[in-house]
Every structure is written in C-alpha cells, then in structure tokens.
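Biologist: Before I rely on any label attached to this model, I would like to hear the value behind it and the rule it was set against. Could we go through them in turn?

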Amino acid sequence: QVFISADAGRLWVSDVMRNSVVVFNMTTGKQVAYFGVTDKAGKDLQSLASPRTLAVRGSRAVVHDGDNQRLMKLSLR
C-alpha cells in the first residue's frame, strides 16, 4: 500500500510495506530524497514503521508513522 502527495514539482510516496518515504522530481522522474530504512521498521528518528498519510508543502512534509503512533516531520535539504 502506498500514499502519495505532491507540491512544488515533487512527488512524495510513502510505502507502508517497505517502511520508507521516497521523493521524486516530477519533471525528471529522478529520486531526490529517501527517508527510512528499506524493509526495516524502526523506532529511532531515522526509521519509520508503516508510514501512511502525507501532508506536503514545498520542501517539507509530515507523515503519519502508523506503527510508531507518531507524526514525523520530513525536510529536503
């Protein structure tokens, strides 16, 4: 299951099963950022566990980290 949101020319995709959020440039299709550890759920601030709904604005997003019952702020550098 995946959830998507877009803003400022970027597509944000949260992948529940792979415990990650990937950001793509919508013009080039290239990946510009990756959050989480692929296929490994975790509780630390670098990890996600079943990330779900995304709210995106510009270079920042908030994702519901389902299994950890928290909201995570994500930001592009």
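What follows is a conversation about the labels given to this predicted model.

Biologist: What makes this protein as compact as a globular protein of its length?

Modeller: Along the sequence the pattern reads β-β-β-β-β-β-β, with 0 helices and 7 strands. The radius of gyration is 11 Å, and the globule rule gives 11 Å for 77 residues, so the protein is as compact as a globular protein of that length. Taken along the principal axes, the C-alpha atoms fill a box of roughly 30 × 25 × 20 Å, and 40% of the 77 residues count as buried.

Biologist: Why are β1 and β2 said to pair, and in which sense do they run?

Modeller: Two strands pair if there are at least two bridges between them, and β1 (residues 2–7) and β2 have 6, in the antiparallel sense. One of the contacts is that of Phe3, whose bridge partner in β2 is Ser14. The two strands form a hairpin with 2 residues between them, and Ala8 in the turn has a positive phi of about 55 degrees.

Biologist: How do you know that β5 and β6 pair?

Modeller: The rule asks for at least two bridges, and β5 and β6 have 5, again in the antiparallel sense, with Pro51 standing opposite Asp65 in β6. This hairpin has 2 residues between the strands as well, and there Gly58 takes a positive phi near 60 degrees.

Biologist: Why is the aromatic pair of Trp12 and Phe35 called stacked, rather than edge-to-face or tilted?

Modeller: The count comes to 1 aromatic pair. The ring centres of Trp12 and Phe35 lie 6.1 Å apart, which is within the 6.5 Å limit, and their planes stand at 10 degrees, which is under the 30 degrees that the label requires, so the pair is stacked. The pair links distant parts of the chain, since Trp12 belongs to strand β2 (residues 10–15) and Phe35 to strand β4 (residues 31–36), 23 residues apart. Trp12 and Phe35 are both buried.

Biologist: Why does Ser50 count as buried, and what is noted about its phi?

Modeller: The relative accessibility of Ser50 is 10%, and buried means under 20%, so Ser50 counts as buried. Its phi is near 60 degrees, a positive value in a residue other than glycine, and Ser50 lies in the loop between β4 and β5. Asp39 also has its place in the loop between β4 and β5, and the phi of Asp39, near 60 degrees, is likewise positive in a residue other than glycine.

Biologist: Which residues and strands make up the lining of the largest pocket, and how does that lining divide by residue class?

Modeller: The largest pocket has a volume of about 270 Å³. Of the 13 residues that line this pocket, the closest to its centre are Ala61, Lys73, Leu74, Ser75 and Leu76. At least two residues of the lining come from each of β4, β5 (51–57), β6 (60–65) and β7 (70–75). By class, the lining holds 8 nonpolar, 1 polar and 4 charged residues.

Definitions and conventions:
Residues are numbered from 1 along each chain as its sequence is written. This is a predicted model: local features need pLDDT of at least 70, side-chain atom pairs count only at pLDDT 80 or more; totals for chains, interfaces and linings use all residues. Side-chain values use heavy atoms; hydrogens and water are left out. Rings of Phe, Tyr and Trp (its six-membered ring) pair if their centres lie within 6.5 Å; planes under 30 degrees apart count as stacked, over 60 as edge-to-face and the rest as tilted. Helices (H or I, at least four residues) and strands (E, at least two) are DSSP runs, numbered from the N terminus. Buried means under 20% relative accessible area, exposed over 50%, partly exposed in between (1.4 Å probe, protein chains only). On a 1 Å grid over the protein atoms alone, a cavity is a set of points where a 1.4 Å probe fits but cannot get out, and a pocket is an open set with protein on both sides within 12 Å along at least five of seven lines; lining residues have an atom within 4 Å of a point. Grid points are joined across faces, edges and corners, and a volume is the space filled by probe spheres set on the points. Ala, Val, Leu, Ile, Met, Phe, Trp, Tyr, Cys and Pro count as nonpolar, Asp, Glu, Lys and Arg as charged, and the others, Gly among them, as polar. The radius of gyration is taken over C-alpha atoms; the globule rule is 2.2 Å times the number of residues to the power 0.38.
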